[in-house]
Amino acid sequence: MITVKHLEKSFNGHVVLNDISIIFETGKTNLIIGRSGSGKTVLLKSIVGLHEIDSGEIWFEDILFNKLDFKEKKKIRQEMGMLFQGSALFDSLTVEQNVRFPLDMFTDQTLEEKNERVNFCLQRVNITNANNLFPSELSGGMKKRVAIARAISLKPKYLFCDEPNSGLDPPNAILIDALIKEITEEYLITTIVNTHDMNSVIEIGTNIVFINEGKICWEGNKNEILHSDNEVLNDFIFANALAKQLKMHVRK
Amino acid sequence: MIKFLTQFGRYFLLLKKVFSRPEKPYVYYKQTMHELLYLGFYSVGITAIISFFMGAVITLQTAYNTENPIYPTYLIGLGCRDSIILEFSSTITALILAGKVGSSIASEIGTMRVTEQIDALEMMGVNSASYLILPKIIATLLFFPILTLLSICIGILGGWAAGTSAGVITSANFIYGIQYAFIPYYIVYSLTKMLVFAFIITSVSSFQGYYVDGGSLEVGRASTKAVVFSSVMILLFNVVLTQLLLS
């Protein structure tokens, strides 16, 4: 479980996150949704320690993460996996080397053991016969799946996904969502997904937090979100014509 | 002034991160071998071409500017040797490498920054500065002096080829000239300069790439800055080192 208490973050005097308090539960896909520029990515990067926060507390179970020094944070970070918006695969390494990288850096396993784990992770995300390809030779969906394989290679307790569906066509986006949900439930991971894709919300949103202008505006689950009276939330989720028709249908 | 001092401070803080204890020495060793190939070995061609023509031009210019019966012709060989060893093979080669290697380092690390690959390393708990920069520094410190020695040999060869083929000096006189009053310390001086220049090129370029903020435009700007700042620092340290080592 990850607990965020009164988190505040600003850049050059501009407040991006204002008094954010959330609990992200274990074994569930916790979604952070909001418009572009609402502070979702800053929140995610603040939780994982890529941004120094101005004030507040970030707890990983009973460990106050934001007060740890570099070495102590490093230990916790080995229990984290992260899927970045642009996949962030290392260009100079092949698919196999990318997935093996965390194992090379943080385990004393033999090459055979590492390769076994790499192949298991790649099979888990349905990547076959691509071990020797470079990221530039992969499609967007494949890159995301390899990035998930890399994120789970060290058997993480926490998985962070920043816009996992951005740039993907709907079938691929659904595939990635399903994969994230399956992995979360299978390995009892605390997963936080940052998205503004309503398909993801409906597909995998166990716990949902809506952020607007750096503040938490609404909290609930995928069943409650369609019936909410929160105007700002409704403006966000029913922004397009199709969604508006869906809303009318739901209300009827 | 404050901006300059801030950048200066950030540069040294980055170096502190770079020279911290490596997580997995074996991974760093593999990375260093990779950099030796890309930053060092792949620079042999450009170094050889530049050195050959540099040696040729030095010989011809020395010959045409010392056309006087009181000067023995072997002085052309001597002039060519000393110019190449003392200045051209270290400083000019370093300036060329600042362009080739410096821009490559800055754009590689800068692209990794804007595509979140450095964030991915940090997320995993890897010291990204050390993992990305230390192998590059070690590789250039090891290989650039070799490039200097290669440049000296090829430069002198170029001088001999141009001098003899243009008929300004005989082969025997040129060879006598390059052996005459040879001071071995000049080689030490040249290699010492190149070690310092190698560190400047790699660390300054890595610094420019590591702190890129933005997109492809900023990566391009960082690459340009890397070449400009490295070149200026090379010229500045050339003066300082010459005063320190030859005075």
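1. Chain B has nine helices and zero strands. Helices (H or I, at least four residues) and strands (E, at least two) are DSSP runs, numbered from the N terminus. Along the sequence the pattern of chain B reads α-α-α-α-α-α-α-α-α. This is a predicted model: local features need pLDDT of at least 70, side-chain atom pairs count only at pLDDT 80 or more, and totals for chains, interfaces and linings use all residues. Residues are numbered from 1 along each chain as its sequence is written, while chains are lettered from A and ligands numbered from 1 in the order in which they are written.

2. The C-alpha trace of chain B spans about 70 × 40 × 35 Å along its principal axes. Of its 247 residues, 44% count as buried. A residue is buried if 20 or more other C-beta atoms lie within 10 Å of its own, exposed if 12 or fewer, and partly exposed in between; C-beta atoms are placed from the backbone. Take the contacts in chain B between residues at least 6 apart in sequence: 87% join residues at least 24 apart. Two residues are in contact if their C-beta atoms, placed from the backbone, lie within 7 Å.

3. Helix 1 of chain B covers residues 2–18. At 1.5 Å a residue, its 17 residues should span 24 Å, and the end C-alpha atoms are 24 Å apart, which agrees. The expected span is 1.5 Å times one less than the number of residues. One of the 17 residues is buried, so helix 1 of chain B lies largely in the open.

4. Chain A is divided into domain 1 (2–79 + 160–251) and domain 2 (88–155). The bounds come from an automatic or database domain assignment. The domain centres, taken over C-alpha atoms, are separated by 25 Å. Ten residues of domain 1 of chain A are in contact with ten of domain 2 of chain A. On the domain 1 side, seven of these residues are nonpolar, three polar and none charged. Ala, Val, Leu, Ile, Met, Phe, Trp, Tyr, Cys and Pro count as nonpolar, Asp, Glu, Lys and Arg as charged, and the others, Gly among them, as polar.

5. Chain A holds an open sheet of six strands, ordered 6-7-8-3-9-10, with mixed pairing. Two strands pair if DSSP finds at least two bridges between them. Strand 6 (80–83) and strand 10 (215–220) of chain A are at the edges, each with a single partner strand, so one side of each has no neighbour in the sheet. Neighbouring strands of this sheet are turned by 15 degrees against each other on average, direction ignored. Axes are lines fitted to C-alpha atoms, for helices over the stretch in contact, and angles run from 0 to 180 degrees between N-to-C directions.

6. Strand 3 (residues 29–33) and strand 8 (residues 190–195) of chain A run parallel, joined by five bridges. Thr29(A) stands opposite Thr191(A) in strand 8 of chain A. Helix 1 (residues 40–47) of chain A packs on the sheet, touching strand 3, strand 7 (158–162), strand 8 and strand 9 (207–212) of chain A. Its direction makes about 155 degrees with that of strand 8 of chain A.

7. Between the chains, 14 residues of chain A are in contact with 13 residues of chain B. On the chain A side, helix 2 (70–77), strand 6 and helix 3 (95–106) each supply at least two residues. Helix 3 of chain A gives the largest share, three residues. By class, this side has nine nonpolar, two polar and three charged residues.
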